[in-house]
Amino acid sequence: MLNTPDDQLRAAVTPAPNFLRKRAMIDKLARCILFAAAAVSVFVTIGIVYILVSESLVFFENVSLTEFLTSTTWTPLFAAPSFGIWPLLSGTLTVSAIALSIAIPLGLLLAIYMSEYAPPKVREAVKPVLEMLEGVPTIVYGYFALMMVTPLLQAFIPGLPGFNMLSPGIVMGIMILPYTTSLSEDAMRAVPRELREGAYALGYSRFYTAIKVVIPAAISGITAAFILAMSRAVGETMVVAIAAGQMANFTFNPMEGAATITTFIVQVSLGDVRHGSIGYQSIFAVGLVLFLMTLLFNVIGFMLRRRYRLAY
Amino acid sequence: MATLNQTISDAQGHASLVRRNKNQDILIAGLGMLILVIAISTLLAMFLDLFITGLPRLQDPDFYMSFPSRKAEQAGILSAWVGTILVMIVTAAISIPLGVAAGVYLEEYAGSNWMTDLIEINVTNLAGVPSIVYGLLALGLFIYAFGMSETVLVAGLVLSLLILPVIIVSTREAIRSIPEAYKEAAIGLGADQWQTTYAYILPAARPGIITGAIVGLSRAIGETAPIITIGALTYIAFLPNAPISGDFPFINFDWITSPFTVMPIQMFSWVSRPQAEFQINAAAAGVVLMVLTLMMNAIAIYIRYKVRHKD
């Protein structure tokens, strides 16, 4: 059939229609599979919300919301149980506040140093160290808090109990320091160079440029870093579970031990709590509170970060 | 005369201003370096403390080859490190293909519509969900709703979901850094979208994807909270069936449905004991964990460094 050179050429360059159809099918199939993979994240969120809400609903059939939100004793595993979330919240907030009061100022200073002062060589060397610090498992930080920092603090503060909120708070602060640093540094480095050069041309020193020009310009990103750090601190589990004790204790005193929301979940999971019991449901109720808190922080952080991305 | 004096005092004023500014600059740089020193010495102190405390157990070869025991000096991490390896195999097998596929979709395929926005918001949010909430998800969904037990598979699943955002984000960043010309060349040669993705984009993005996968897995190795939540046992004095055996059919998957323990759980159970001898074991397990995660992070950093300095 292939008589003329023209025909031969056409046969050589035109793939068989069958082959084309197969190719198009693979292309379409690939798109579907990739989409399904991307959609998994949506289902994970739905799964989390569904599990937390459905178990919490059962919990709130037995416990009034008023008691949950106003009572200041948390003893769900006692014979005469009481379900006020405040002791867990006070523990969570106290430890987080200590952690943030370390991570935020130090993180901001370090970010200023890294973005405005450090020579590129130093920055190249420091970033990996910070990443290493971030990569250490949290359980190791917990051990460090209990076995090293607490005894150290006890040498300075007589009468400090073995389980207290101060030590895990400090350790958690150092633990989230790399995170706040890298987020704030990203925000500062996104500030256009022209703004800095303008300030230098006006005779501003580096320090003034940093605090009068760079920080105000990067403020939404820096705020986002703080809020995301807050979300981290609130959800951190192992450091507090090891070093802060597991007694629910309504106090804001860092010298005392207290359980956090996360510690309570760990404590219940370690014991033999039957599926369907009120103790079992209570971890989902406090888990829902924890999820809502971090969700709020994450959403605010996300919107602030988007704002600085749009600005520059 | 008056103007000369004025000029001199002006100059003195400027000099003191310059000095003050210089001092401020030195102060900030000094503080920055001080914080760095604090951070680095924390890392060192942590490692040295664990190492010195755990040294008696670390030197003992039996530590790596024996099961946990009620006697501290006989207890070892055999079931823990085997468990960690098995759980990581499952985690890698699930999270890497899923994360890479999702990253490719979001970067290369997704149009700008509400569906894409929804997926992106979800990925961002999931990255910030505390790990213990994933544990609650696994407890409520896998253990009770699906009736699975506390197995290697469930642990691998929950850790996969946990590190999925890390892998998705690093895949996207790796793809974004590929020059547009690569894709255009492939399309110009007549490749369709899948062929371009498969034959050009994925190979070019490989270093970035590997880095992300290593960082994600190193995080999964150290995760404790979600594994505690699903109720993994701490006292496991046996090993799951070996995946490879001498008898037909040579490979089996029994280990996937076997009870397990992992390194951080073992360490936690030792830390929680009041006796000081168990703290030595905990420290030794901590050294093993730290060495593992630091090494994985170092490899990831090295790959990234190599890639950045190649061109």
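A residue counts as buried when under 20% of its relative area is accessible. Keep that cut-off in mind as we look at this predicted model.

**One threonine in chain B**

Let's start with Thr91(B), which sits in helix 3 (residues 78-109) of chain B. Is Thr91(B) buried or exposed? Its relative accessibility is 0%, so Thr91(B) counts as buried.

What surrounds Thr91(B), if we skip the neighbours within four places in sequence? The residues in contact with it are Ile96(B), Gly156(B), Leu159(B), Ser160(B), Ile163(B), Leu217(B) and Ala220(B). The side chain of Thr91(B) also has a polar atom 2.7 Å from the backbone oxygen of Val87(B).

| From | To | Distance |
|---|---|---|
| Thr91(B), side-chain polar atom | Val87(B), backbone oxygen | 2.7 Å |
| Thr91(B), C-alpha | Leu294(B), C-alpha | 19 Å |

Along the sequence, Thr91(B) and Leu294(B) are 203 residues apart.

**Where two chains meet**

Now for a pair of helices. Two packed helices are described by the angle between their axes and the distance between the axes. Take helix 2 (residues 17-62) of chain A and helix 4 (residues 114-127) of chain B: their axes come within 9 Å and cross at roughly 60°. These two helices are therefore oblique to each other, and their crossing is left-handed.

Key:
Residues numbered from 1 in each chain as written. Chains lettered and ligands numbered in written order. Predicted model: local features only at pLDDT ≥ 70, side-chain atom pairs only at ≥ 80, totals over all residues. Heavy atoms only, no water. Helix = DSSP H or I, 4+ residues; strand = E, 2+ residues; numbered from the N terminus. Buried < 20%, exposed > 50% of the residue type's maximum accessible area, 1.4 Å probe, protein only. Contact = heavy atoms within 4.5 Å. Polar contact = N/O pair within 3.5 Å; in protein donor to acceptor, adjacent residues only side chain to side chain. Axes fitted to C-alpha atoms, helices over the stretch in contact; angles between N-to-C directions. Parallel < 35°, antiparallel > 145°, perpendicular 65-115°, else oblique. Left-handed = near helix turned anticlockwise from the far one by under 90°.
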